[in-house]
Amino acid sequence: TCTAAACLQAGMHNVTVLVPGRGLARGELAFVAAVHVQGASPATINANSPSEIQLTGSGFSPLPDRNNVTVGGQPCHVLNATCSVLFCLYTPAASSRRRQLLNSDLAVEVSVNSQPAINGGSILVGTDNAPTVDSVTPTKGTAGGGMTVTVAGTNLGASDAVATIGGAACAASSSSATQIVCTTSPWVVGAADVVVSSSEGISAGSVQYTYVLGVSS
């Protein structure tokens, strides 16, 4: 047995066996390395302007034109790459399709050296006015709901903006461009993502609110 090099680009590679004192072994062997995508960033791209996307993983080719990347079926032009990191430029679809793609998860697909494409996750489509969530105060509350919380961020003042915690509605009592004051719904104990959505997009991030059995003073 042997271990292949860590930085081996996807595709077919000839295998040579050298026996000390005897020379090269007879026969022909080949090893096919696969591409693997660990993640794509940013999590949300803008529907109105080009976005640079970074992919991390293994099996990429250092030669940009050997890598083929699509986002939502549309080419993402590869700018540069190493065996483990790839950067490509995604140009949004024609304006007539942007509204259709808004708030959609676009599949990222990658192939290297003409190997079959593999799924590299997905990226959400938003706009310049998509909401963002920076914090929630307080950061925990009873799982029975009924707690008043303040969600802070940007672009939160749209008339159709809706806040959810763990997927459960947080009923708004007031809102502005930078914050939403809302009341939590009952939910299961544990950490839950705080998300604000509107017709302009959906917030992406790691702000969480923790539901607990009881709140101590």
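Predicted model: local features only at pLDDT ≥ 70, side-chain atom pairs only at ≥ 80, totals over all residues.
Which residue in β11 does V71 stand opposite? Residues are numbered from 1 along each chain as its sequence is written, and side-chain values use heavy atoms, with hydrogens and water left out.

The protein has one helix and 21 strands, where helices (H or I, at least four residues) and strands (E, at least two) are DSSP runs numbered from the N terminus. Its radius of gyration, taken over C-alpha atoms, is 24 Å, and this is well over the 17 Å that the globule rule (2.2 Å times the number of residues to the power 0.38) gives for 217 residues, so the protein is more spread out than a compact globule. Along the principal axes, the C-alpha atoms fill a box of roughly 80 × 45 × 20 Å.

Eight of the strands form an open sheet with mixed pairing, in the order β5-β7-β10-β9-β8-β11-β12-β6; two strands count as paired if DSSP finds at least two bridges between them. The edge strands, β5 (36-41) and β6 (44-46), each pair on one side only.

Within this sheet, strand β8 (residues 67-71) pairs with strand β11 (residues 105-112) in the antiparallel sense over five bridges, and here the opening question finds its reply, for V71 stands opposite V108 in β11. Strand β8 is also joined to strand β9 (residues 74-81) by two bridges, and these two strands run antiparallel, with Q74 in β9 as the bridge partner of V71. The hairpin of β8 and β9 has two residues between the strands, and in it G72 takes a positive phi near 60°.

Moving on from β9, five bridges join this strand to strand β10 (residues 85-90), again in an antiparallel arrangement, and C76 has Y90 in β10 as its bridge partner. The strands β9 and β10 form a hairpin with three residues between them.

Elsewhere, the structure holds one aromatic pair, a term for rings of Phe, Tyr and Trp (its six-membered ring) whose centres lie within 6.5 Å, with planes under 30 degrees apart counted as stacked, over 60 as edge-to-face and the rest as tilted. The rings of Y209 and Y211 have their centres 5.2 Å apart and their planes at 85°, so the pair is edge-to-face.
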